[in-house]
Amino acid sequence: FVREQITIIHGHSAFSTLSQEAILHGRSMGLRVVFTDHSLFGFASASSIVTNKFLQLCLADINHAICVSYTSKENTVLRAELVPSIVSVIPNAVDTSMFTPDPSARRTDRVTIVVVSRLVYRKGIDLLAAILPIICQQHLDVYWIIGGDGPKRVILEEVCE
């Protein structure tokens, strides 16, 4: 950090040991630290308990945190015991200048919902599996396109059957 004249450390991901190390060393050197979290984590499993405790230690005196959704913010604030006012939400987005669907191809007889994700717990796939039947029962005109793979794919396939 000294040789490169680093002034701000940006750590990314609760599972990155490099990020956590950089945060700890940076804070001990008086550097400003920002942490970004993208994922949802549980509270009950052994790995979650260990990860959350280590996250509390690493993020104890960071300057700011960024999350990609309000759900992610709430999860990170609880897991790391952060003051909510130092956590901002910057949602993931699609650059509409790079991706613009053809309006003439749009179906008017249905609503299409697209989900593209790694199909893992941390990405909220359990929440998606729980809400799919409710949305489909209440809105018969909904059409789903789900792209991705992962261990939670089986749950989504079971719900869709």
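**View 1. Lining of the second largest pocket.** By class, this lining holds 5 nonpolar, 1 polar and 4 charged residues, where Ala, Val, Leu, Ile, Met, Phe, Trp, Tyr, Cys and Pro count as nonpolar, Asp, Glu, Lys and Arg as charged, and the others, Gly among them, as polar. The model is predicted: local features need pLDDT of at least 70 and side-chain atom pairs pLDDT 80 or more, while totals for chains, interfaces and linings use all residues. Residues are numbered from 1 along each chain as its sequence is written, and side-chain values use heavy atoms, without hydrogens and water. Among the lining residues are P101, D102, R106 and V114. A pocket is an open set of points on a 1 Å grid over the protein atoms alone where a 1.4 Å probe fits, with protein on both sides within 12 Å along at least five of seven lines; lining residues have an atom within 4 Å of a point.

**View 2. The largest pocket.** Its volume is about 390 Å³, taken as the space filled by probe spheres set on grid points joined across faces, edges and corners. Of its 17 lining residues, L40, V68, S69, K123 and G124 are the closest to the centre.

**View 3. The open sheet.** Four strands follow the order β1-β2-β3-β4 with parallel pairing; strands are DSSP runs (E, at least two residues), helices likewise (H or I, at least four), numbered from the N terminus, and two strands pair if DSSP finds at least two bridges between them. The edge strands are β1 (8–12) and β4 (87–89). β1 and β2 (residues 32–37) pair over 5 bridges, and H12 stands opposite T36 in β2.
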